[in-house]
Amino acid sequence: MGFGFATSYTAACLSACLAFERPKMSSFELQFQPQIGRNKSLQLQCIRKTLGTSGHKGAVVSSESWDKTILDSDVPVLVEFYASWCGPCRMVHRVIDEIATEYSGKLKCFLLDADNDSQVAENYDIKAVPVVLLFKNGQKRESVVGTMPKDFYVAAINRLLSS
């Protein structure tokens with residue numbers, strides 16, 4: 001076809017990213033499928049850019065800022081545990097963005113990359129992503145595991161706020 005390796009690899013990487021949301025791939029995408037995995041570093045960079053958290057309304061929290069930001073918060077807190085390679089996490093990002101806007105002033109929303117801060121994830125027994133944990137007065141009160149409809153998150157938040 002005349003594509004250089006970098007160009008064809010980028011197409012392969014993008015097709016892998018799209019496969020998270022579309023189970024059927026086009027013949028163009030299938031053509032590049034064998035190349036996925038040849039260069040994991042390049043693949044991960046591509047996926048991070050494609051599935052990244054740019055534009056997300058939730059602030060990023062890390063193990064260094066966890067205690068001050070989450071446990072010492074005087075406002076209830078929502079934390080989305082995600083991974084940059086996780087397609088379902090991208091769907092949860094959209095829901096949490098809406099919630100962050102709707103509950104502004106009543107609830108703080110944060111993101112934690114479970115791959116980068118695995119110790120925090122282990123402390124809360126996070127085995128897979130996405131997981132949303134809700135905290136009040138420094139205590140974990142609610143959790144929503146997996147990709148769920150917005151109503152599940154809203155119901156958990158309303159229980160938290162009324163407790």
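## Exercises on an aromatic cluster

Trp66, Phe81, Tyr124 and Phe135 are linked into a cluster by ring pairs. The structure is a predicted model.

**Exercise 1.** Determine how Trp66 and Phe81 pair, and which elements the pair ties together.

*Solution.*
1. A search of the whole structure gives four aromatic pairs.
2. In the pair of Trp66 and Phe81, the centres are 6.1 Å apart and the planes are at 55 degrees.
3. Planes under 30 degrees apart count as stacked and over 60 as edge-to-face, so this pair is tilted.
4. Trp66 belongs to helix H4 and Phe81 to strand S2, so the pair ties together parts 15 residues apart in sequence.

**Exercise 2.** Decide whether Trp66 and Phe81 are buried or exposed.

*Solution.*
1. Buried means under 20% relative accessible area.
2. Trp66 has 4% relative accessibility, so it counts as buried.
3. Phe81 has a relative accessible area of 0%, so Phe81 is buried as well.

**Exercise 3.** Classify the pair of Tyr124 and Phe135, and locate its two residues.

*Solution.*
1. The centres lie 5.4 Å apart, with 90 degrees between the planes, and the pair is edge-to-face.
2. Tyr124 sits in the loop between H6 and S4, while Phe135 is in strand S4, so the pair ties together parts eleven residues apart in sequence.
3. Phe135 counts as buried, at 1% relative accessibility.

**Exercise 4.** Find which residues of the largest nonpolar core touch the most other members, and which element gives the most to this core.

*Solution.*
1. The core has 21 residues; Trp66, Ile70, Val79, Phe81 and Val129 touch the most other members.
2. S2 gives the most, with four residues.

Note on methods: Residues are numbered from 1 along each chain as its sequence is written. This is a predicted model: local features need pLDDT of at least 70, side-chain atom pairs count only at pLDDT 80 or more; totals for chains, interfaces and linings use all residues. Side-chain values use heavy atoms; hydrogens and water are left out. A nonpolar core is a set of buried Ala, Val, Leu, Ile, Met, Phe, Trp, Tyr and Cys residues joined through side-chain atoms within 4.5 Å. Buried means under 20% relative accessible area, exposed over 50%, partly exposed in between (1.4 Å probe, protein chains only). Rings of Phe, Tyr and Trp (its six-membered ring) pair if their centres lie within 6.5 Å; planes under 30 degrees apart count as stacked, over 60 as edge-to-face and the rest as tilted.
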